[in-house]
Amino acid sequence: VVDSEETGKGILDHGQLKKRITIIPLNKIQSRQPSNAQMKNAQSISNGSAHLALQLVGYDKELHAAMQYVFGATFVCSDIESAQKLAYSAEVGYRCVTLEGNEYSPAGTMTGGSKGNLGQCLSNIQALNEKRSEVKQIQAEIEEIKKKTTRSYINQGPIHQNTSTIDCPANRIGTTPKQITEM
């Protein structure tokens, strides 16, 4: 990912590259993303098991255009049937990838078969997002407990101060036998 096509051209011309690379110039890329109607259709057709890949990955804001270009036109589906229905439907018609890594294109092509690491990667991304949600929920619970503790401490503060200054008869009783034996 580079800022402009000029930077990309410089890398290609003078970068002494040892292998082929793809350069994404942020000022030139144009991405495609499903409309709201297509998103609703995707949820309906897949019974809620399809998610736009762009929504499943985290990234810095300055990379939004590149991430939208790479992931904005792809759905991640939890099962093969949903992926096929979405990819081949006239109401959605976008590239779909299953959690196992099988890929279905609206043009009718299918890619899969080998158990490479793509499926594992997608499963890991989904698990990571679930864990992030759990962490956010736990953090919210911790904040609520902190607020309650602070309120409780504030309400009990004067009580603790007063009890530390009370003259306790038990302390005097404990010293009296000692004083008696010394006499």
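Is Glu-103 buried, partly exposed or exposed? I looked it up: Glu-103 counts as partly exposed, because its relative accessibility is 22%. The classes are buried under 20% relative accessible area, exposed over 50%, and partly exposed in between (1.4 Å probe, protein chains only).

**Ground rules.** I am working on a predicted model, where local features need pLDDT of at least 70, side-chain atom pairs count only at pLDDT 80 or more, and totals for chains, interfaces and linings use all residues. Residues are numbered from 1 along each chain as its sequence is written, and side-chain values use heavy atoms, with hydrogens and water left out.

**Salt bridges.** I searched the whole structure and found five salt bridges. The criterion is a side-chain nitrogen of Lys or Arg within 4 Å of a carboxyl oxygen of Asp or Glu. Glu-103 pairs with Arg-95, N to O at 2.9 Å. Arg-95 is partly exposed because its relative accessibility is 31%.

I then turned to helix 6, residues 118-164. Helices are DSSP runs of H or I with at least four residues, strands are runs of E with at least two, and both are numbered from the N terminus. Glu-134 and Lys-131 form a salt bridge at 3.7 Å, N to O. They sit three residues apart in this helix, so about one helical turn separates them. Glu-134 is partly exposed at 40% relative accessibility.

Lys-146 and Glu-143 make a salt bridge too, with their closest N and O atoms 3.7 Å apart. Both belong to helix 6, with a spacing of three residues, about one turn. I noted Lys-146 as partly exposed at 47% relative accessible area. Glu-143 is partly exposed at 41%.

**Core.** I looked next for the largest nonpolar core and counted 17 residues in it. Such a core is a set of buried Ala, Val, Leu, Ile, Met, Phe, Trp, Tyr and Cys residues joined through side-chain atoms within 4.5 Å. Phe-75, Cys-77, Leu-86, Val-92 and Cys-96 have the most contacts inside this core. Two or more residues each come from helix 2 (36-45), strand 1 (50-52), strand 2 (74-77) and helix 5 (80-88). Helix 5 gives the most, three residues.

What does Cys-96 contact, leaving aside neighbours within four places in sequence? I listed Phe-75, Cys-77, Ala-83, Leu-86, Ala-87, Asn-102, Glu-103 and Tyr-104. Contact means heavy atoms within 4.5 Å.

I checked Ile-11, in helix 1 (residues 5-14). Ile-11 is partly exposed because its relative accessibility is 31%.
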